Amino acid sequence: AVKRALARLCEEGKLKRVLCDLYQIPNYNAFLKKDIGTSPKKVAEKLAEKFGWTIAPAEDTALNELGLSTQVPATYVFISNGPTKTYTLDNGLSIYFKHRANQEMANLTMKEAMVVEAIRTISQQHMNKQIRRKLSLTLTEQEMQRLLEQGKLMQQWIYEEIVLLKEERGR
């Protein structure tokens, strides 16, 4: 009965099916005169909530979220303590959850994990003072301190980059 009611609401245009068992109220923009698509980040957060996963933006998604890239990804990548899985939204965009060991994500906020993922994506060879400065300014002093403590459990080069972020912040 619930599925029929949801299907009827979708037919009437009062709801929009995003994924199986995930719906949203259509978001019509009068200025653009069209329906605004589903936010992949919000869908990812809802899926993580539904399955009890911890997630954080990764790769180009993290760079875009942190303002280090203006490229809008066609596939939104998130690290997750859940399984590796891809979801395709109604608007053609994809959400890719990449499994990452829980120890690498535990005790980090989404923003802290996003900074670590940005460092990993940019790579040691392409990091520079300008990028370090921008990353260091996205974190509060408390987040920076926690990241330094948790960084000791990460790959050595990532920890060294976190130390350099701290030094750049001090300048």
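Leaving aside its neighbours within four places in sequence, which residues is Ile119 in contact with? Met127, Leu135, Trp157, Ile158, Glu161, Ile162 and Leu165, where contact means heavy atoms within 4.5 Å.

Some ground rules. This is a predicted model, in which local features need pLDDT of at least 70 and side-chain atom pairs count only at pLDDT 80 or more, while totals for chains, interfaces and linings use all residues. Residues are numbered from 1 along each chain as its sequence is written, and side-chain values use heavy atoms, with hydrogens and water left out.

Ile119 also belongs to the largest nonpolar core, which has 27 residues. By nonpolar core I mean a set of buried Ala, Val, Leu, Ile, Met, Phe, Trp, Tyr and Cys residues joined through side-chain atoms within 4.5 Å; buried is under 20% relative accessible area with a 1.4 Å probe, protein chains only. The members touching the most others are Val115, Ile119, Leu135, Leu147, Met154 and Ile162. Two or more residues each come from α3, β6, α5, α6, α7 and α8, and α5 gives the largest share, seven. Helices (H or I, at least four residues) and strands (E, at least two) are DSSP runs, numbered from the N terminus.

A second, separate core has 15 residues, including Val18, Leu19, Ile95 and Phe97.

Now the strands. Pairing requires at least two DSSP bridges. β8, residues 94-99, pairs with β6 in the parallel sense over six bridges, and Phe97 is the bridge partner of Phe78. β7 pairs with β8 in the antiparallel sense over four bridges, with Tyr87 bridged to Ile95. The β7-β8 hairpin has five residues between the strands, and there Gly92 takes a positive phi near 90°.

Terms used:
Buried < 20%, exposed > 50% of the residue type's maximum accessible area, 1.4 Å probe, protein only.
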